Amino acid sequence: MLGIRNLGIKAVLLMTLIGQSQTCRAESLWDLANENKDILRISTLFTAQNVRAYLSADEGINKAIDWCKKTGVTHVFIESYRGRYTAERKVLRHAKSRFAAEGFEVSGCVTTTKIGKISTGWNVISCYTDKATQDELQKIFEYTASIFDEIMIDDFLFTDCTCDQCRKARGDKTWAD
Ligand SMILES: [Zn+2]
């Protein structure tokens with residue numbers, strides 16, 4: 001319900017922005033989006049696989065910057081890890097500096113799927129009772145923090161594991177506890 005209500009508010013704001021853009025046609029959507037970003041900021045995410053496919057070379061980065069400007073996107077999230085793929089440091093750093101130089105807000109992102117020991121539940125989720133999995137998670141965030149000042153964490157960060165190790169760690173508590 002909350003999501004739908006927020007979406008409604010965002011839609012109204014977007015329509016207001018579009019309405020404004022039609023009354024002053026000389027101004028680009030990019031300029032308008034920047035002037036109004038305290039009211040509504042439009043962001044997009046490049047997944048780690050998007051980074052590999054589209055942001056590895058300047059030609060792709062140029063296209064991405066152009067698309068974002070034409071779309072009124074002023075904040076980009078550039079993901080370092082998702083599903084056992086880690087984007088290369090030099091690619092992430094270069095994409096970050098190119099977007100920043102064009103006036104975008106730039107942040108990192110991590111999607112915590114398929115890390116270390118896999119859950120007994122959903123097969124993209126991890127068992128965080130497992131120490132090696134905790135260590136791998138830490139390494140992913142340290143790597144990302146060495147490149148970006150802000151990291152968005154995708155909502156895959158949860159567990160539904162009920163392996164023997166998790167059962168033992170749970171003790172007498174309920175799963176919710
Ligand atoms: Zn477990």
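These exercises walk through a predicted model, each with a worked solution.

Local features in this predicted model need pLDDT of at least 70, side-chain atom pairs count only at pLDDT 80 or more, and totals for chains, interfaces and linings use all residues. Residues are numbered from 1 along each chain as its sequence is written, and side-chain values use heavy atoms, with hydrogens and water left out.

**Exercise 1. The overall fold**

Find how many helices and strands the protein has, and their pattern along the sequence.

Solution. Start with the elements: the protein has seven helices and five strands. Helices (H or I, at least four residues) and strands (E, at least two) are DSSP runs, numbered from the N terminus. Next, read along the sequence: the pattern is α-α-β-α-α-β-β-α-β-α-β-α. Then turn to burial, where buried means under 20% relative accessible area, exposed over 50%, and partly exposed in between (1.4 Å probe, protein chains only). Of the 177 residues, 36% count as buried. Last, take contacts, meaning heavy atoms within 4.5 Å. Among contacts with a separation of 6 or more, 75% are between residues 24 or more positions apart.

**Exercise 2. The zinc site**

Identify the protein donors of the zinc ion and the geometry of its site.

Solution. Donors are N, O and S atoms within 2.8 Å of the metal (3.2 Å for Na, K and Ca); water is not among the atoms, so sites may look incomplete. Here the protein donors are the SG atoms of Cys-127, Cys-161, Cys-163 and Cys-166, at 2.3 to 2.4 Å from the zinc ion. Now check the angles: four donors count as tetrahedral if all angles lie between 85 and 135 degrees. The angles among the four donor atoms are 103 to 114°, and the site is tetrahedral. The ideal angle for four tetrahedral donors is 109.5 degrees.

Along the chain, the donors of the zinc ion follow the spacing C-x33-C-x1-C-x2-C. Cys-127, in the loop between strand S4 (105–110) and helix H6 (131–145), and Cys-161, in the loop between strand S5 (151–153) and helix H7 (164–170), link distant parts of the chain, 34 residues apart. Cys-127 counts as buried because its relative accessibility is 0%. Cys-161 is also buried, at 4%.

**Exercise 3. Thr-111**

Decide whether Thr-111 is buried or exposed, and find its side-chain partner.

Solution. The side chain of Thr-111 makes one with the side chain of Arg-82, at 3.0 Å. Leaving aside neighbours within four places in sequence, the contacts of Thr-111 include Glu-79, Tyr-81 and Phe-156.

Notes. Four donors count as tetrahedral if all angles lie between 85 and 135 degrees; four count as square planar and six as octahedral if opposite donors are over 155 degrees apart and all others between 65 and 115; anything else is irregular. A polar contact is a pair of N or O atoms within 3.5 Å; within protein, one must be able to donate a hydrogen and the other to accept it, and residues adjacent in sequence count only if both atoms are side-chain atoms.
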